[in-house]
Amino acid sequence: MATHKLLLLPGDGIGSEVMAEVKKVIGWLDAQGLASFAIEEDLVGGAAYDSCGQPISEEAMAKAFAADAILLGAVGGPKWANVHYEVRPEAGLLRLRKDLQLFANLRPAMCYPALADASSLKRDLVEGLDVLIVRELTGGVYFGEPKTITDLSDGQKRAIDTQVYESYEIERIARVAFELARTRKNRVVSTEKHNVMKTGVLWKQVVSEVHGSDYNDVTLEHQLADSCGMQLVRAPKQFDVIVTDNLFGDILSDVAAMLTGSLGMLPSASLGAVEEISGKRRALYEPVHGAAPDIAGQGVANPIAMIGSLAMALRYSFGLIEAADRVEAAIAGVLADGYRTGDIWSEGMTRVGTAGMGDAVIAELAKAA
Ligand code: NAD
């Protein structure tokens, strides 16, 4: 069995607490012979700043380049509120994303049946929901030039943001979406605003071309972004994979996330290109939540988003589909058994802390083994 090089960057606040639970799962998978890992660990964020004056060291960056996948906890906290902007904790995460050229952001929105009542939508609309939003992360209106605010002679001001996409950027994100769809229900909805935006016209054209040339087996549908947003809250289970640009992806992924309940439940991945020589795709997996300084150190953080991030790494970086399925089934099982951390607790449920939830996941894995 291949040994997978995994770099763990717990980071700050609850990052190290939730990472401790992932280590239990990694140890269990290793012990069962379901996966084999070579683990490295390093500092990122405020923890790295305290240690070396930088939010990530050159040694840690070298480990990141050498790894098959990176698991990151969270960075930030009030302790570093006044450090210089360039070396703030978040800059460590941004450097990883930039230097590793992680252009594809994957945000799954899964609704576990046991938590369906926590959604703002009716149970029958969200129970069993499993949508994956693939957002272009390094281009579009957040980065396009010119990006200015200008004083005009009449006392008014003019602000300009520029939406720019080149065909290669659309092609590579489309390929990610189609490849991922093949590991799921084989359906992609591509969303843009070709009715009012030139970037939308090009987006639709390039996605159609990539589909026609290499992914005819995947079902492709185009939806205008406003209509897609409406459909996401009207009938979210119609979607499998949604691929979209940076701006629309930012908004639609937050909408989809909130269909499922708490921040403590949401994993994510950021993927780069497949390298020619190694055939490896750079990848960083992390919970959507931050360092949660308000609960850090109390042992009450929900580790499910972090454990779910490991499941994504198993599935998308290592091709260990069975192991990924087992981890996700264990999470669903634990929730069905009524175990809840404080953020998802409701009357009649069994309240557990971070370690308790991790142990419950291991027990559930062992039950099914
Ligand atoms: P946050 O996600 O850290 O916390 C928001 C709220 O959700 C808090 O009340 C917190 O207790 C709760 N929460 C978050 N994760 C939880 C979990 N796993 N279990 C239970 N409750 C959980 O967002 P914030 O408070 O806006 O930011 C705190 C710090 O984290 C800031 O320094 C911010 O810059 C940083 N941050 C980092 C990342 C990242 O590392 N990717 C993301 C967002 C925020």
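1. In this predicted model, a polar side-chain atom of Glu 90 comes to 2.5 Å from an oxygen atom of the ligand. Glu 90 is also listed among the closest of the 20 residues that surround the ligand, together with Gly 290, Ala 292, Asp 294 and Asn 302.

2. Two further polar approaches deserve a look when the site is inspected.

3. How much of the ligand's exposed area does the protein bury? Taken alone, the ligand exposes 800 Å², and the protein buries 67% of that area. By residue class, the shell around the ligand consists of ten nonpolar, six polar and four charged residues.

4. Lys 63 sits in helix H3, which covers residues 58-66. Setting aside residues up to four places away in sequence, Lys 63 touches Leu 7, Glu 40, Glu 41 and Asp 42, and the side chain of Lys 63 reaches the backbone oxygen of Glu 41 at 3.3 Å. The C-alpha atoms of Lys 63 and Lys 5 are separated by 9.5 Å, although the two residues are 58 residues apart along the chain.

5. Is Lys 63 buried, partly exposed or exposed? Its relative accessible area is 24%, so Lys 63 is classed as partly exposed.

6. The domain assignment divides the protein into domain 1, made of residues 1-108 + 263-369, and domain 2, made of residues 130-259. The centres of domain 1 and domain 2, taken over C-alpha atoms, are separated by 26 Å, and the contact draws 13 residues from domain 1 and 17 residues from domain 2.

7. Arg 135 belongs to strand E5. With a relative accessibility of 11%, which is under the 20% limit, Arg 135 counts as buried. Leaving out residues up to four places away in sequence, Arg 135 touches a set of residues that includes Phe 103, Ala 104, Asn 105, Tyr 142, Ile 173, Asp 245 and Asp 250.

8. Some backbone details call for care, because most residues other than glycine have a negative phi and most peptide bonds are trans. A cis peptide bond, with omega about 0 degrees, joins Glu 145 and Pro 146, and Pro 146 is located in the loop between strand E5 (130-136) and strand E6 (148-151).

9. Gln 101, a residue other than glycine, has a positive phi near 50 degrees. The loop that holds Gln 101 runs between helix H4 (89-99) and strand E4 (104-110). The relative accessibility of Gln 101 is 54%, and therefore Gln 101 counts as exposed.

10. Asn 186 likewise has a positive phi, here near 65 degrees, and is placed in the loop between helix H6 (167-182) and strand E8 (187-192). At 22% relative accessibility, Asn 186 counts as partly exposed, whereas Gln 101 counts as exposed.

Methods. Residues are numbered from 1 along each chain as its sequence is written. This is a predicted model: local features need pLDDT of at least 70, side-chain atom pairs count only at pLDDT 80 or more; totals for chains, interfaces and linings use all residues. Side-chain values use heavy atoms; hydrogens and water are left out. A residue is near a molecule or strand if one of its heavy atoms lies within 4 Å of it. A polar contact is a pair of N or O atoms within 3.5 Å; within protein, one must be able to donate a hydrogen and the other to accept it, and residues adjacent in sequence count only if both atoms are side-chain atoms. Accessible areas come from the Shrake-Rupley method with a 1.4 Å probe; for residues, only the protein chains shown count as cover. Ala, Val, Leu, Ile, Met, Phe, Trp, Tyr, Cys and Pro count as nonpolar, Asp, Glu, Lys and Arg as charged, and the others, Gly among them, as polar. Helices (H or I, at least four residues) and strands (E, at least two) are DSSP runs, numbered from the N terminus. Buried means under 20% relative accessible area, exposed over 50%, partly exposed in between (1.4 Å probe, protein chains only). Contact means heavy atoms within 4.5 Å. Domain bounds come from an automatic or database domain assignment.
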